[in-house]
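Open the model in your viewer and get ready to select residues. We will visit some aromatic rings, then a pair of helices.

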Amino acid sequence: MGCVSDKRWESFPDMFSAGLSLKETQDEEKEAKFNAKFPFEKVFPVYAMSLSKPDTDSILNSGRDPIWEAVREEAKLEAEKEPILSSFLYASILAHDCLEQALAFVLANRLQNPTLLATQLMDIFSNVMMHDRDIQRSIRLDVQAFIDRDPACLSYSSALLYLKGYHSLQSYRVAHALWKQGRNVLALALQSRISEVFGVDIHPAAKIGDGILLDHGTGVVIGETAVVGNRVSLMHMLPKSSSNM
């Protein structure tokens, strides 16, 4: 899948000739910009309730990428609301041509250290994701799982930028692809770094399906022989207090 080119900063209604917009909102400012709800539930139906799985293959082949379009529009709106974040949002999202490149940039900057440089990591992540259609599908199904099942997930862009459960899961997917290529040492190096940064330890040989919600993630360990199916939610639950505080 090639990048979806979108270097023009045009308004969302202009991007969709049918006058469809990103989503309904109670915010009057957003309502003035978006005059109808874009049917993400039709493109990516809620599959957490055992409904049909989104047909991402047809979307990947169509030349359109509604989730990436949503991420870009959200980033533009956030840059307007919080100008202090405009450089960060531009570097992380708006400077890139597709979701894969933006995600590679975000992950590389999260996982870099003095001996494993962000530029090196970005090359690794980008090369793997741009040539692996399974990962291209998984990163979209995963982010949709966060939107559908995590009340704390405010938007597609917030999952991409801030949620370490999503970050650790996508970093694992790259390490898993490297493991399958026989690049075991590099895959294990990534596993170690993912564990160190995110507090999530997933062996690169583990098999994990699509549409995964990894909520918070701190302390999660998934071993080499583990198998996690599709549309699974891994949640952190606070224990009930045994006494009144």
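Buried means under 20% relative accessible area, exposed means over 50%, and partly exposed lies in between (1.4 Å probe, protein chains only). This is a predicted model: local features need pLDDT of at least 70, side-chain atom pairs count only at pLDDT 80 or more, and totals for chains, interfaces and linings use all residues. Residues are numbered from 1 along each chain as its sequence is written, and side-chain values use heavy atoms, leaving out hydrogens and water.

**Stop 1: aromatic rings.** Rings of Phe, Tyr and Trp (its six-membered ring) pair if their centres lie within 6.5 Å; planes under 30 degrees apart are stacked, over 60 edge-to-face, the rest tilted. That rule gives 2 aromatic pairs.

Select F88 and Y162. They are stacked, 6.2 Å centre to centre, with 25° between the planes. F88 is partly exposed at 35%, and Y162 is partly exposed at 46%.

Now select F146 and Y166. Their ring centres are 5.7 Å apart and their planes meet at 85°, so this pair is edge-to-face. F146 sits in helix α9 (residues 133-149) and Y166 in helix α11 (residues 164-180), 20 residues apart. Helices here are DSSP runs (H or I, at least four residues), numbered from the N terminus. F146 is buried at 1%. Y166 is buried too, at 1%.

Notes
Helices (H or I, at least four residues) and strands (E, at least two) are DSSP runs, numbered from the N terminus.
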